[in-house]
Amino acid sequence: MLIPKTHPRAASLHIREKLVKGYRSGLVIEEGLIAHGRGEAFDYLIGEKTSKNALESIKAAAKMLLLAKSPVISVNGNLASLCSKEIVKLAKVVNGKIEVNLFYASEKRKKTIASFLKKNGAKQVLGIDPRFSRKIPRLDSARRIVDKRGIFYADVVLVPLEDGDRTIALKKFRKKVISFDLNPLSRTAQAADITIVDNVVRGMRVLIEMSIKLKKKKLATVKFDNKKNLSQALVEMNNNLRRIAYA
Ligand code: PTJ
């Protein structure tokens, strides 16, 4: 579909088009389209921009990734479809690994996602070869199967657009978890060490820029209060609604 540049919702419609394309080419599943819809609703509430608060969490996330010994970016269908180039770039900047890990898992979709990431510049994509499969304890979903060279071994895992169970299981497995989630009320958002309440399409770009900038500096340990961060995100949404309601 041709979306006119002047359309007031052009950016949001382009993101939808990308996901639909991802769905048609086997990267995304139907549920992924629904999940995006929920994200869009929250994006409205934050004013469809990266807030000051989100910037703070992105800064903390960049530091955590740069300080990590073995950071991993966990990739699902939506993320691959929306941010393939950014995934590759971020992995390069923070010296991290890329691993495909799906909730609605199928070997075919895993391979489709891995080859799409490779087409977009990834040298290595983990999570595909069953010889390296290991299980995260205390997790029942398909996401429990991880790569021994990747998430199983990692100290920090970036889990954009995640389901809550795995974030909790990863925490119990002593991993530091960074998530992107437009919904500050989700279990993932609540359980992560750092939640970036921003659209992953905008936030990943900022995270890359911030990581490039901070890489040149000497970094101390990350101090971040995620409870406070989530409260601020909710207050921002509330303020936006009040402004609109009383305008
Ligand atoms: O590809 P798979 O099989 O791993 O499945 C991926 C989905 C996303 C379908 C799966 O992980 C899932 O069902 O996720 P949930 O539980 O619906 O959670 C997704 C969260 O991401 C929700 O809280 C949404 O608000 C949020 N979200 C959706 N789109 C975006 C987003 N957050 C940031 N940026 C977005 N573009």
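Contact here means heavy atoms within 4.5 Å, and helices (H or I, at least four residues) are DSSP runs numbered from the N terminus. The model is predicted, so local features need pLDDT of at least 70 and side-chain atom pairs count only at pLDDT 80 or more, while totals for chains, interfaces and linings use all residues. Residues are numbered from 1 along each chain as its sequence is written, and side-chain values use heavy atoms, with hydrogens and water left out.

Lys52, Asn53 and Ser57 of α3 meet Asn229, Gln232, Ala233 and Glu236 of α9. By class, this contact of α3 with α9 has one nonpolar, four polar and two charged residues (Ala, Val, Leu, Ile, Met, Phe, Trp, Tyr, Cys and Pro count as nonpolar, Asp, Glu, Lys and Arg as charged, and the others, Gly among them, as polar). Helix α3 (residues 52-67) and helix α9 (residues 226-245) pack at an angle of about 155 degrees, and their axes are 9 Å apart; axes are lines fitted to C-alpha atoms, for helices over the stretch in contact, and angles run from 0 to 180 degrees between N-to-C directions. That angle makes α3 roughly antiparallel to α9 (under 35 degrees counts as roughly parallel, over 145 as roughly antiparallel, 65 to 115 as roughly perpendicular and the rest as oblique).

Lys59 also belongs to helix α3. This lysine is partly exposed, with a relative accessible area of 33% (buried means under 20%, exposed over 50%, and partly exposed in between, with a 1.4 Å probe and protein chains only). Apart from neighbours within four places in sequence, Lys59 is in contact with Met210 and Leu214.

Helix α1 (residues 10-24) packs with helix α4 (residues 77-94) at an angle of about 125 degrees, their axes 9 Å apart. This makes α1 oblique to α4. From α1, Ile15, Lys18, Leu19 and Gly22 make the contact, and from α4, Asn78, Ser81 and Leu82. Three nonpolar, three polar and one charged residues make up the contact by class.

Finally, Thr167 lies in helix α6 (residues 164-172). Thr167 is buried, with a relative accessible area of 0%. Not counting residues up to four places away in sequence, Thr167 touches Val159, Glu162, Val177, Thr188, Ala191 and Ala192.

Note on methods: Helices (H or I, at least four residues) and strands (E, at least two) are DSSP runs, numbered from the N terminus.
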